[in-house]
Amino acid sequence: MATFELYRRSTIGMCLTETLDEMVQSGTLSPELAIQVLVQFDKSMTEALESQVKSKVTIKGHLHTYRFCDNVWTFILQDAVFKNEDSVENVGRVKIVACDSKLLTQ
Amino acid sequence: MAARRNNPSGIVPTTQNIVSTVDLDCVLDLNHIALHSRNSEYFPKRFSAVIMRIKDPKTTALIFASGKMVCTGAKTEAQSKLAARKFARIIQKLGFPAKFRDFRIQNIVASCDVQFTIRLEKFACTSHGAFSTYEPELFPGLIYRMKQPKLVLLIFVSGNVVIAGAKKRDDFYTAFDNIYPVLAEFKK
């Protein structure tokens, strides 16, 4: 089953990748096993976001740049406002990377 | 270049949209362009060209793998050429040997207001009916296909006139000069 590897670019994903790389370098872990761990990470992230996340956020901001290539949308927003049920966050610059979820179920 | 104002009303149509094409004369890697440029879209399953937009002048370009490019959205001919040059510059900066060959304006859309209401049904019923298509249930405007110069005018009851299909500015000035007296005949 194909996975979206974009979650590997998040802070937690980067930490996992770094740790796995260190372990492979030192010989504690085999490369194939490291790849399996990352694939499992992708699946778990997708599942967790689907089932365990219920909150809805509205994001409003000035669109600085947009890009659509390989079915991936990349947006760069400026002076964005993240509105949650109870909190409001102002962010000067935010990058949004979005993949089409229909591709997962194919 | 003197503006053609021999029209007794003094009304001059203003350009709204210019479509132009230019040949960059080199094969392009659309995936590379889409990945490395801002404000672009590339969805080959839907359309086999990169759709890129720039803010100044506010225009959109369709860039094909063959090196041909279509530039739309500019308000004047000069802006269209400038925009096409800006797009070509972006392609050049991405590393392709782009040139600026054969820049041609393909379509100019202009509009104006004759300042009086027009009786379209009467218009369509006269000798000019041969050139007109007026189907109020389909579209509220009368579609007038002028033979000389060959372009299309959309005439509305309100007096607004849209001229499309001109390749040169003079064409639509001539077309408006031709149609104005006819419209005046059918003033409400």
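Which residue stands opposite A:R67 in β2(A)? In this predicted model, whose local features need pLDDT of at least 70 and whose side-chain atom pairs count only at pLDDT 80 or more, totals for chains, interfaces and linings use all residues. Residues are numbered from 1 along each chain as its sequence is written, chains are lettered from A and ligands numbered from 1 in the order in which they are written, and side-chain values use heavy atoms, with hydrogens and water left out.

The residue opposite A:R67 is A:T74. Helices (H or I, at least four residues) and strands (E, at least two) are DSSP runs, numbered from the N terminus, and two strands pair if DSSP finds at least two bridges between them. In chain A, strand β1 (residues 58-69) runs antiparallel to strand β2 (residues 72-83), and 10 bridges join them. These two strands form a hairpin with 2 residues between them, and A:D70 in the turn has a positive phi of about 55 degrees. Strand β2(A) also pairs in the antiparallel sense with strand β3 (residues 88-99) of chain A, over 11 bridges. Here A:L77 stands opposite A:V94 in β3(A), and the hairpin formed by β2(A) and β3(A) has 4 residues between its strands.

Chain B contains 4 helices and 10 strands. From the N terminus on, its elements follow the order β-α-β-β-β-β-α-β-α-β-β-β-β-α. The C-alpha trace of chain B spans about 60 × 40 × 25 Å along its principal axes. Of the 188 residues in chain B, 42% are buried; buried means under 20% relative accessible area, exposed over 50%, and partly exposed in between (1.4 Å probe, protein chains only). With contact defined as heavy atoms within 4.5 Å, residues 24 or more positions apart account for 60% of the contacts in chain B with a separation of 6 or more.

In soluble globular proteins, nonpolar side chains tend to be buried together. A nonpolar core is here a set of buried Ala, Val, Leu, Ile, Met, Phe, Trp, Tyr and Cys residues joined through side-chain atoms within 4.5 Å. The largest such core has 29 residues, and those with the most contacts inside it are B:F123, B:L153, B:I155, B:I179 and B:L183. Two or more residues each come from β6 (101-113), α3 (120-125), β8 (142-146), β9 (151-155), β10 (160-166) and α4 (169-185) of chain B. The largest share, 8 residues, is given by α4(B). Not counting residues up to four places away in sequence, B:I155 touches several residues, including B:F123, B:Y144, B:V161, B:I179 and B:L183. A second, separate core of 24 residues includes B:L30, B:A61, B:A88 and B:A98.

Most residues other than glycine have a negative phi, and most peptide bonds are trans. In chain B, the peptide bond from B:D56 to B:P57 is cis, with omega near 0 degrees, and B:P57 lies in the loop between β3 (49-54) and β4 (59-64). The bond from B:Q148 to B:P149 is also cis, with omega near -5 degrees; B:P149 is in the loop between β8 and β9. Positive phi values occur at B:D25, near 60 degrees, and at B:N39, near 55 degrees. B:D25 is placed in the loop between β1 (14-23) and α1 (30-36) and counts as partly exposed because its relative accessibility is 30%. B:N39, in the loop between α1 and β2 (40-41), counts as buried because its relative accessibility is 12%.
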